[in-house]
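Colleague: I am new to this structure and would like to learn how to read it. Please take me through it one feature at a time.

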Amino acid sequence: THQVHIIGGGLAGSEAAWQLAQRGVQVRLSEMRGGGGETAAHHTDGLAELVCSNSFRSDDDAKNAVGLLHHEMRRLDSIIMAAGEMSRVPAGSAMAVDRDVFSAEVQKRLEQHPNIEVVREKIDQLPAEGHTIVATGPLTAASLAESIVSATGSDRLAFFDAIAPIVYRDSIDMDKAWIQSRWNKTTAASNEDGDYINCPMTREQYETFVQGLIDAEKGDFKEWEADTPYFDGCMPIEVMAERGIETLRYGPMKGVGLDNPRDTSEEHPQGKWPYAVVQLRQDNKLGTLWNMVGFQTKMKYGAQVELFRTIPGLENAEFARLGGMHRNTFINSPELLDRQLRLKSAPHIRFAGQVTGCEGYVESSAVGLLAGMMTASEIAGEEWAPPPATSAMGALLSHITGDADAAHFQPMNVNFGLFPPLHEVKKKERKEAYTDRAKADFGEWLAQMEGVPA
Ligand code: FAD
């Protein structure tokens, strides 16, 4: 007798269930833990279990994008934020929680809600009909993943992320780097000057850099990650470096076909090609974020920052995210989902949480919150107005549902690079300008929505 079936009682599924139930919608929430299923990262049967850190990161809503997301979720009666508040432990400007108190609080509120039935069961197939929200997370059960593959195509579901570091465009030194596509090749979607930012290296710089990759401290693959096949086309940069000094120079760091405009020497039989090059490719439609092509890595974060800032042009690089590789089930959302998180080929199914390609506890919860609201508004026959793209929720949603580059889609945390840029504001004042604008626009959006006070 439920109206909406939510699969997965993690962060996103719990939040979606709450949002629906609070709007009077009958929900069945299926969670496999406690019903014969388990994941390699969860340790309990509790709903909304935090699998690793106990932190929701910065709670600063004036200068930090995830803090701003907290603010917006609180305004939308988020159960994750409310339970987080209840279970909060001291952590300076960050928001950290007691994970057991937190999970117990979420579970209590959901189980006691008259509109929610929590069922401990593993779902193996995408339902053929009925409003459904799939919120099965980075460790979606294999049987359901198979069903998702049949619905979407085998190359649309990833089992590993391979994240190359992403740099804020305005932190790249364009007096050293330049924009050009290799051989000046362009496509219909190309930028006028070229599609890549190129950071040149001399032979000496290259050899030092390759040694730096080999020597850098690396994180481990967990036992349950090690046997997942992922190497095709996304080998960690340090593994390539270990294969031989020339491997990278014939791979992602090759300089051929790129003419360094600042190279004034005469000895170039072929072209002013650098000995080696680090290329960055635009990562979002706004052009604020650029990723280091081929630089997916298991290097520790500190080691990445240190080594990557030795690259000419990246000395002052600021990273919207650092590289990483993890077991992570996620769909190619920009291609598969419409602007309301619905599967284009089967619009009764929405996706929510990390499986949509957002990343992190708070982001996953936020996308669950949106999926719940959207489904409720669809059931009520209302027109859905998305949160403004200038807000944290809106920026995250826009990224997932279309603004990200579908051909190279990788999971993303919320960050100011996803927001429509404010170039005219001085850099020092920009973060506050983003949050001021977001709060004003978000408040207006809320005021226009029925039943939510501005
Ligand atoms: P989850 O919270 O994982 O919830 C998905 C739920 O679906 C699970 O309860 C699962 O049991 C259930 N499920 C799966 N398949 C089925 C099925 N077929 N039928 C029924 N139920 C099913 N993020 C951070 O912000 N900080 C961190 O420190 C951090 N560390 C992480 C460490 C690891 C090892 C992993 C894998 C992820 C980590 N993340 C971290 C990311 C974090 O897991 C996610 O951001 C967050 O939990 C995702 O929320 P979610 O609701 O999408 O998925």
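Colleague: How many strands does the open sheet with mixed pairing have, and what is their order?

Modeller: Some conventions come before the case. Two strands pair if DSSP finds at least two bridges between them. Helices (H or I, at least four residues) and strands (E, at least two) are DSSP runs, numbered from the N terminus. Here the open sheet has six strands in the order S6-S2-S1-S7-S17-S16, with mixed pairing. At its edges stand strand S6 (116-120) and strand S16 (342-343), each with a single partner strand, so one side of each has no neighbour in the sheet.

Colleague: What kind of model is this, and how are residues numbered?

Modeller: It is a predicted model, in which local features need pLDDT of at least 70 and side-chain atom pairs count only at pLDDT 80 or more, while totals for chains, interfaces and linings use all residues. Residues are numbered from 1 along each chain as its sequence is written, and side-chain values use heavy atoms, with hydrogens and water left out.

Colleague: In which sense do S1 and S7 pair?

Modeller: Strand S1 (residues 4-7) and strand S7 (residues 131-134) are parallel, joined over four bridges.

Colleague: Which helix lies across S1, S7, S16 and S17?

Modeller: For such a reading, contact means heavy atoms within 4.5 Å. Axes are lines fitted to C-alpha atoms, for helices over the stretch in contact, and angles run from 0 to 180 degrees between N-to-C directions. The helix is H11 (residues 361-379), which runs at about 175° to S7. Strand S17 covers 346-351.

Colleague: What is the order of the open sheet of three strands?

Modeller: That order is S3-S5-S4, and the pairing is antiparallel. Strand S3 (55-58) and strand S4 (88-89) are the edge strands, each pairing on one side only. Strand S5 (residues 94-97) pairs with S4 over two bridges, and S3 and S5 also pair over two bridges. Ala96 in S5 is the bridge partner of Val89 and also of Ser55. Arg88 stands opposite Val97 in S5.

Colleague: What joins S4 to S5, and which helix lies across this sheet?

Modeller: S4 and S5 form a hairpin with four residues between the strands, where Gly92 takes a positive phi near 60°. Helix H3 (residues 79-86) lies across S3, S4 and S5, at about 80° to S5.

Colleague: Which residues of strand S13 point one way, and which the other?

Modeller: Burial comes into this: buried means under 20% relative accessible area, exposed over 50%, partly exposed in between (1.4 Å probe, protein chains only). In strand S13 (residues 289-292), Leu289 and Asn291 point one way, Trp290 and Met292 the other, and all are buried. Strand S9 (residues 166-168) pairs with S13 in the antiparallel sense over three bridges, with Val167 opposite Trp290. Strand S12 (residues 276-282) is also antiparallel to S13, over three bridges, and Leu280 stands opposite Met292. The hairpin of S12 and S13 has six residues between the strands, and Gly287 in its turn has a positive phi of about 80°.

Colleague: Which residues of helix H5 are buried?

Modeller: In H5 (residues 142-152) they are Leu144, Ala145, Ser147, Ile148 and Thr152. They cover an arc of only 160° around the axis, which puts them on the same side of H5. The arc is that of the directions from the helix axis to the C-beta atoms. The face turned away from the buried side carries the exposed residues Ala142, Glu146 and Ser150. Gly153 follows H5 and has a positive phi near 105°.

Colleague: Where is Ala48, and is this residue buried or exposed?

Modeller: Ala48 is in the loop between strand S2 (27-31) and S3. Its phi is near 50°, a positive value in a residue other than glycine. Ala48 is buried, with a relative accessible area of 0%. Leu341, in the loop between helix H10 (333-336) and S16, is not a glycine but has a positive phi of about 65°. Leu341 is buried, with a relative accessible area of 0%.
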